[in-house]
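Biologist: Hi! I'm new to this one, could you put it up and walk me through it?

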Amino acid sequence: MEDQWLTWAKQLQAIASTGLHFCKEEFDRDRYRAVADIANGMLAQLGNVPIERIAGLVSDFAKGYATPKVDVRGAVC
């Protein structure tokens, strides 16, 4: 079972990513950046790693609606 703090941090990160993608006002962008910073800080603290490493892990941050990415492949012989 996933740690509750990890779950919350990932949810905050998803909210920030989606908000940054869709918001139009600079005031809103500042708020969503602050939420992302809090989430990254939580993840860095939980993983005992520098916050810069956490920020670099999410390559598609704020590039669309945050959804689970699923890869399905198959082969037919």
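Biologist: What kind of model am I looking at?

Modeller: This is a predicted model. The mean pLDDT of the protein chain is 83, and 77% of its residues reach 70 or more.

Biologist: Where is confidence lowest among the helices, and where is it highest?

Modeller: Confidence is lowest in helix H3, residues 51-57, with a mean of 83. It is highest in H2, at 93.

Biologist: Good to know. How many helices and strands are there?

Modeller: The protein chain has three helices and zero strands. Following the sequence, you read the pattern α-α-α.

Biologist: And how much of the chain is buried?

Modeller: There are 77 residues in the protein chain, and 21% of them count as buried. The accessible surface is about 6100 Å², with 58% of that belonging to carbon and sulfur atoms.

Biologist: Let's go to H1. What does H1 look like in terms of length?

Modeller: H1 covers residues 4-22, which is 19 residues. From first C-alpha to last, H1 reaches 27 Å, close to the 27 Å expected at 1.5 Å a residue.

Biologist: Which residue caps its N-terminal end?

Modeller: Asp3 does that for H1. A side-chain oxygen of Asp3 lies 2.9 Å from the backbone nitrogen of Trp5.

Biologist: Which residues of H1 are buried?

Modeller: Ala9, Gln13, Ala16, Ser17, Thr18, Gly19 and Leu20 are. The buried residues of H1 pack against helix H2, residues 26-47.

Biologist: What comes between H1 and H2?

Modeller: A loop, and Cys23 is in it. With a relative accessible area of 15%, Cys23 is buried. Setting aside neighbours within four places in sequence, Cys23 is in contact with Asp28, Arg29 and Tyr32.

Biologist: On to H2, then. How does its span compare with what you'd expect?

Modeller: The two agree: the 22 residues of H2 should span 32 Å at 1.5 Å a residue, and its end C-alpha atoms are 31 Å apart.

Biologist: What do the buried residues of H2 pack against?

Modeller: They pack against H1 and H3. The buried residues in H2 are Ala36, Ala39, Asn40, Met42, Leu43 and Ala44.

Biologist: Which residues make up the largest nonpolar core?

Modeller: That core has five residues: Ala9, Met42, Leu43, Ala44 and Ile54. H2 gives the most to this core, with three residues.

Biologist: And which residues is Ala9 in contact with?

Modeller: Leaving out neighbours within four places in sequence, Ala9 is in contact with Ala39, Met42 and Leu43.

Biologist: What follows H2?

Modeller: Asn48 follows H2, and it sits in the loop between H2 and H3. The phi of Asn48 is near 55 degrees, a positive value in a residue other than glycine.

Biologist: Is Asn48 buried or exposed?

Modeller: Asn48 counts as exposed because its relative accessibility is 71%, over the 50% cut-off.

Biologist: Last one: what about Pro50?

Modeller: Pro50 is also in the loop between H2 and H3. With a relative accessible area of 48%, Pro50 is partly exposed. Pro50 and Asn40 are ten residues apart in sequence, and their C-alpha atoms are 9.6 Å apart in space.

How values were computed
Residues are numbered from 1 along each chain as its sequence is written. This is a predicted model: local features need pLDDT of at least 70, side-chain atom pairs count only at pLDDT 80 or more; totals for chains, interfaces and linings use all residues. Side-chain values use heavy atoms; hydrogens and water are left out. Helices (H or I, at least four residues) and strands (E, at least two) are DSSP runs, numbered from the N terminus. The expected span of a helix is 1.5 Å times one less than its number of residues. Buried means under 20% relative accessible area, exposed over 50%, partly exposed in between (1.4 Å probe, protein chains only). Contact means heavy atoms within 4.5 Å. A polar contact is a pair of N or O atoms within 3.5 Å; within protein, one must be able to donate a hydrogen and the other to accept it, and residues adjacent in sequence count only if both atoms are side-chain atoms. A nonpolar core is a set of buried Ala, Val, Leu, Ile, Met, Phe, Trp, Tyr and Cys residues joined through side-chain atoms within 4.5 Å. pLDDT is the predictor's confidence in each residue, from 0 to 100. Accessible areas come from the Shrake-Rupley method with a 1.4 Å probe; for residues, only the protein chains shown count as cover.
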